[in-house]
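Dear colleague,

I am handing over the structure below, together with an account of what was found in it. Please read the notes with the coordinates open beside them.

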Amino acid sequence: MRALTVIPSQPGSLSIQDVPDPIPAPDELLVDGVALGICGTDREIATGIYGWAPPGRERLVLGHESLGRVRTAPHGSGFAAGDLVVGIVRRPDPVPCGACARGEFDMCRNGRYVERGIKQIDGFGSSMWVVRADYAVKLDPSLEQVGVLMEPTTVVAKAWDQIEKINGRAWFDPKTALITGAGPIGLLAALLGAQRGLDVHVLDRSTEGPKPGLVADLGGTFHTGSAAEVAAEIDPDVVIEATGSPAVALSAAEINNPGVIVCLTGVSAPGEESEVDLGALNRNIVLDNALVFGSVNANRHHYELAAQSLAKADPEWLGRLITRRLPLERALEAFDPGEHTDIKVVIDLA
């Protein structure tokens with residue numbers, strides 16, 4: 001079969017290659033690949049920033065934003081041929097930490113987890129793949145065209161789940177959410193905020209293209225400018241930072257509003273220097289009972305929450321997030337955006 005592969009830590013090694021067909025173990029589904037989403041993590045692996053091949057192998061099959069259709073399933077697994085599924089990305093190590101042992105492998109304490117298409121286990125960027133039945137999640141059949149958005153939706157499903165858990169520390173009745181960044185993560189965070197009945201505001205640099213209309217169709221408000229200016233105008237109760245820009249992340253952390261909860265989901269590159277008034281930052285957080293926390297990855301519970309959110313969403317709206325589709329043989333074009341102003345690029349595997 002054909003697969004999108006890379007030699008981790010070796011820039012320029014990304015290629016489409018023939019690899020052996022997968023043979024499912026007794027507890028595994030055999031899945032025909034339908035689609036694969038490409039994100040910043042994939043691009044960083046392709047440029048050699050990080051990534052780990054399976055033990056004893058040089059190449060890694062890339063891809064963690066999966067969508068597939070079951071070809072065969074173990075008896076009693078709860079899956080059947082034809083089911084639409086995604087694969088959970090992270091796996092705990094064989095001797096798991098306390099969090100992993102309780103199914104919260106997204107909160108791993110020892111770092112010995114593995115991740116499909118990222119760390120030591122092949123991803124989903126191939127025409128067929130296998131997945132253990134307990135690491136597969138079934139999707140509503142109506143999501144065939146947009147179900148590839150499941151994995152990025154789990155990121156924000158976890159963010160909102162954590163925000164709501166934090167809310168339990170005291171009375172909290174949020175009305176307004178600020179999302180910084182209108183990429184796939186930011187727009188999906190806005191979707192989940194709108195589903196919760198919040199007044200959603202999205203900040204982005206774009207002034208043209210589909211992003212303002214996507215926000216408006218959620219009933220939200222689209223902004224340009226600075227996070228500080230927008231926050232001063234709307235007094236957000238919840239902030240989800242989805243750009244990874246150190247300057248924007250700092251602006252989010254500096255928002256001065258009693259009880260504000262700030263979730264950082266964007267991953268910043270280290271090494272950028274900035275001037276920070278740590279005294280003022282500390283003062284605001286302490287006196288406002290504010291909270292700033294980071295969130296990454298997702299466990300099965302978050303996949304199930306994401307599946308529910310996608311099933312409730314307008315499929316046409318979700319479809320507009322996918323701005324470019326490419327066949328597998330042209331997958332390398334997804335890593336060279338050129339003049340494209342994409343929200344989400346998807347590789348069609350079928």
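Rings of Phe, Tyr and Trp (for Trp, the six-membered ring) are taken to pair if their centres lie within 6.5 Å, and a pair is called stacked with planes under 30 degrees apart, edge-to-face over 60 degrees, and tilted for the rest. By this rule there are three aromatic pairs.

Two points on the source come before the details. This is a predicted model, in which local features need pLDDT of at least 70 and side-chain atom pairs count only at pLDDT 80 or more, while totals for chains, interfaces and linings use all residues. Residues are numbered from 1 along each chain as its sequence is written, and side-chain values use heavy atoms, with hydrogens and water left out.

One of the aromatic pairs is that of Phe 105 and Tyr 135, which is tilted, with 6.0 Å centre to centre and 50 degrees between the planes. Phe 105 lies in the loop between helix 2 (98-101) and strand 8 (114-116), and Tyr 135 in the loop between strand 10 (128-132) and strand 11 (136-138), so the pair ties together parts that are 30 residues apart in sequence; helices (H or I, at least four residues) and strands (E, at least two) are DSSP runs numbered from the N terminus. Phe 105 is buried at a relative accessible area of 5%, and Tyr 135 counts as buried at 10%, where buried means under 20% relative accessible area, exposed over 50%, and partly exposed in between (1.4 Å probe, protein chains only). Phe 124 and Trp 129 form an edge-to-face pair, 4.6 Å centre to centre with 70 degrees between the planes, and both residues are buried.

Turning to the sheets, an open sheet of six strands has the order 14-13-12-15-16-17 with parallel pairing, two strands being paired if DSSP finds at least two bridges between them. Strand 14 (221-223) and strand 17 (291-294) stand at the edges with a single partner strand each, so one side of each is left without a neighbour in the sheet. Within this sheet, neighbouring strands are turned by 15 degrees against each other on average, direction ignored (axes are lines fitted to C-alpha atoms, for helices over the stretch in contact, and angles run from 0 to 180 degrees between N-to-C directions). Strand 15 (residues 238-241) and strand 16 (residues 261-264) pair in the parallel sense over four bridges, and Ile 240 has Cys 263 in strand 16 as its bridge partner.

Helix 4 (residues 184-195) lies across strand 12 (176-180), strand 13 (199-203) and strand 15, running at about 170 degrees to strand 13; contact means heavy atoms within 4.5 Å. Nine of the 12 residues of helix 4 are buried, so this helix is largely enclosed by the rest of the structure, and Leu 187, Leu 188 and Leu 191 are among the buried ones. Just after helix 4, Gly 197 takes a positive phi of about 85 degrees.

Elsewhere, strand 6 (residues 84-87) runs antiparallel to strand 5 (residues 65-72), joined by two bridges, and antiparallel to strand 11, joined by three bridges. Gly 68 stands opposite Val 85 in strand 6, while Val 86 stands opposite Val 137 in strand 11.

Finally, the largest nonpolar core has 87 residues, with Ile 347 and Trp 160 among those with the most contacts inside it; such a core is a set of buried Ala, Val, Leu, Ile, Met, Phe, Trp, Tyr and Cys residues joined through side-chain atoms within 4.5 Å.

With best wishes
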